[in-house]
Amino acid sequence: MTRIAAFALAALPALLLAACAANPALREADALARRGEHESAWRLLSEASRAAPQDAELRVAAQRQRDLGLLALATQAENARAGGQLDVADELLQRMQALDPQAPRTRALQSALRRARSHEARLASASQQLQAGQLDAAREAITAVLAEDPGQPQALALQRKLRQRYAPPPLPSTLAAAYQKPVSLEFRDAPLRTVFEALGRGAGINFVFDKDVKADARVSLYLKDVSVDEAMRVVLGTQQLERKLLNENSVLIYPNTAQKLREHQELVTRSFYLNNADVKQAQALVRMMAKTRDLFIDERLNLLVARDTPEVIAMIEQLVAGLDLPEPEVMLDVEVLELGTDRTDEAGLNWATDASFGSLDGAAMVPWSARGSFRTLVANPVVAARLKGASGSSNLLASPKLRARNKEKAKIQIGDRVPVFTSTSTANVGVSTAVTYIDVGLKLEVEPTVQLDNEVIMKVNLEVSSLGPKESSGGPQPTSAYRIGSRTASTSLRLRDGETQVLAGLINDEDRKNVSGLPYASEAPLLGRLFGVHTDSRKKTEIVLLITPHVLRNIGLPEASQTILPSGFDANPGAQGLRLRSPGSVAAPLAGSPPHAGSGPAAVARSPGEAVVEMQTSANAAVGETLSVGLTNTGAASVKGTLTYDVSLFTRADAGGAEASSGSVDVELPPQGQKVLLLRARPGAAGQSGMVEFVNARAANAKGEALPVRVEGEGHVEIRAN
């Protein structure tokens, strides 16, 4: 044994002991990390690293546990923020700041929570404005929130409710009360300014006339029980005039000409960041429908910037919202099988085929005098019986899953790339060899088109190739290639979601017979097997393709009422028309109640001795999607109650364990308070409908007196397939 080996053996126990004793914090931290306690593991490793600053392993392990802890906390905080649980998200943020206050995830969450708090306050104000009939102000707040957070559930719920009561272009909220006053006008060939004086006295509005308004214009009209706004629009529309607000009770009247519009119309600029639509298509749509010329696009950011009047910008918002929808996606379950059978049978007598007559000593030259020693030689054995049978089968399976977007090809290839060498001879250069590759195996191409009824049209191209024998070409520079056997199929299918289609019949059938033995005698029908060997072989293969589409996401069509958008006139897109409402829908505001600026009937009067809870929810939801349920206490009393839902159709998306499937949630709403709960439609609930209800509601005012509670809003939800 050498001295080095002896030294190594002597030092080995000490090294093992040092390895076991070194850094016990690593083992403890690993055990904590396995239980998901990354923060505790980080603290343990940080303390150990401060005690041993030269230990790089401890420092790296601490950084890794810090990153894992930040990732876990950020995921929980994002789920809490999406569910409206901002207090829980704040607690998680504080834990992230303890780990690393300057980490990108920590700073991003801090900014997101700050923005969420701002959104919560703005949406609470927007909800009150919506209830008070200040639709324009509510729309502005909701649009601003959705511009910063397109998926904010409470803003989306308020937007759906706003669209039910609001038809663009908006009525100015500053003149909403004056506009809704009913008036009756009867004028025959009266001066234009006389008509406006009558409107001004009745509504308390000041009118200022541009110098180019004709003073001698005459008006004849008979209107009864119409609002001031409608009467003004009729007069302006028939006299080719336009208006502009100066303050809350003053209006400028000017001619509706291109030059005056450029002088008096104030323009606004709006930026649209598109998530799904192509910005060039959005530009073409806006330019065609809204006649907007001041457009800018940035393909890098998928950004569209438009500059036009507020009425046209409001129309562009709805046009872009109808275009910027996510594309459908489909999951394709594909199974490709190659079924093959192979059978070979050999039966008969194999006779010797060679016989010789000559000397046994093997000499090249034998004298004729030695012919007496010539013998007849036959191979041993003379005859051999052959009886052999062989059979085999194969079942090759490829089962890929392909996720494809609508109208885009999905490809899969399984096999080999076979090299083929080609030699080329060039004068004064020599011989050069090039290598090309041929794809051999399975090649499948599928192009799906998802229909609105969740059926899928697919173009399917299938090719199965196999490598054959090698072929060579003659000549001074021989080249080689392979014979390729190929079977292809191309078709177009229309399948329902989850329906399986089988494509089969790509069959290759080979049947061969071979006879070897004595000529002619071995070919006899029955006795031929006594004079030779008969070989029968049969090989059969078949390609089978099974394909099943599963629609993961389809286009979420807007409600039918939102597909019709007032677009003004050809010369003035976005302008209001001259249609009048029915007389029953025009009423003076009630004393002490907020004015209503919507186009429908006035809001139902609420008794001061009751509490009102407004429930907002989506009218439909897809299987697996999140459904937001918003509850808003519109009064000054505290309200308690229970939100109930069908557990066979929904589950809580913002809770876990038994709470997620209990079917009820206790809710407490402070005065003017709001609560957003997230539900998720269960798999298998497609095509069914369920109710979400707020029951057992009870309220108490500041004095502790019990008040009746009235719940407004629709809780009926239709569940559709993905």
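**Helix packing and sheet architecture in a predicted model**

In helix α6, residues R115, H119, R122, L123, A126, Q129 and L130 meet L135, A137, A138, A141, I142, A144, V145 and E148 of helix α7, contact being defined as heavy atoms within 4.5 Å. By class, this contact of α6 with α7 comprises 10 nonpolar, 2 polar and 3 charged residues (Ala, Val, Leu, Ile, Met, Phe, Trp, Tyr, Cys and Pro count as nonpolar, Asp, Glu, Lys and Arg as charged, and the others, Gly among them, as polar). The model is predicted, and local features need pLDDT of at least 70, side-chain atom pairs count only at pLDDT 80 or more, and totals for chains, interfaces and linings use all residues. Residues are numbered from 1 along each chain as its sequence is written, and side-chain values use heavy atoms, with hydrogens and water left out.

Helices (H or I, at least four residues) and strands (E, at least two) are DSSP runs numbered from the N terminus. Helix α7 (residues 135-148) packs with α6 at an angle of about 155 degrees, the axes lying 8 Å apart; axes are lines fitted to C-alpha atoms, for helices over the stretch in contact, and angles run from 0 to 180 degrees between N-to-C directions. The two helices α6 and α7 are therefore roughly antiparallel to each other (angles under 35 degrees count as roughly parallel, over 145 as roughly antiparallel, 65 to 115 as roughly perpendicular and the rest as oblique).

An open sheet of 5 strands has the order β24-β26-β22-β20-β30, with mixed pairing; two strands pair if DSSP finds at least two bridges between them. Its edge strands, β24 (650-652) and β30 (709-712), each pair on one side only. Strand β20 (residues 611-617) pairs with β30 in the parallel sense over 4 bridges, and V612 stands opposite R710 in β30. Helix α6 (residues 104-131) lies across β20, β22 (626-633) and β26 (674-681), and runs at about 95 degrees to β26.

Elsewhere, strands β7 (residues 295-298) and β8 (residues 303-308) run antiparallel and are joined by 4 bridges. Residue I297 stands opposite L304 in β8.
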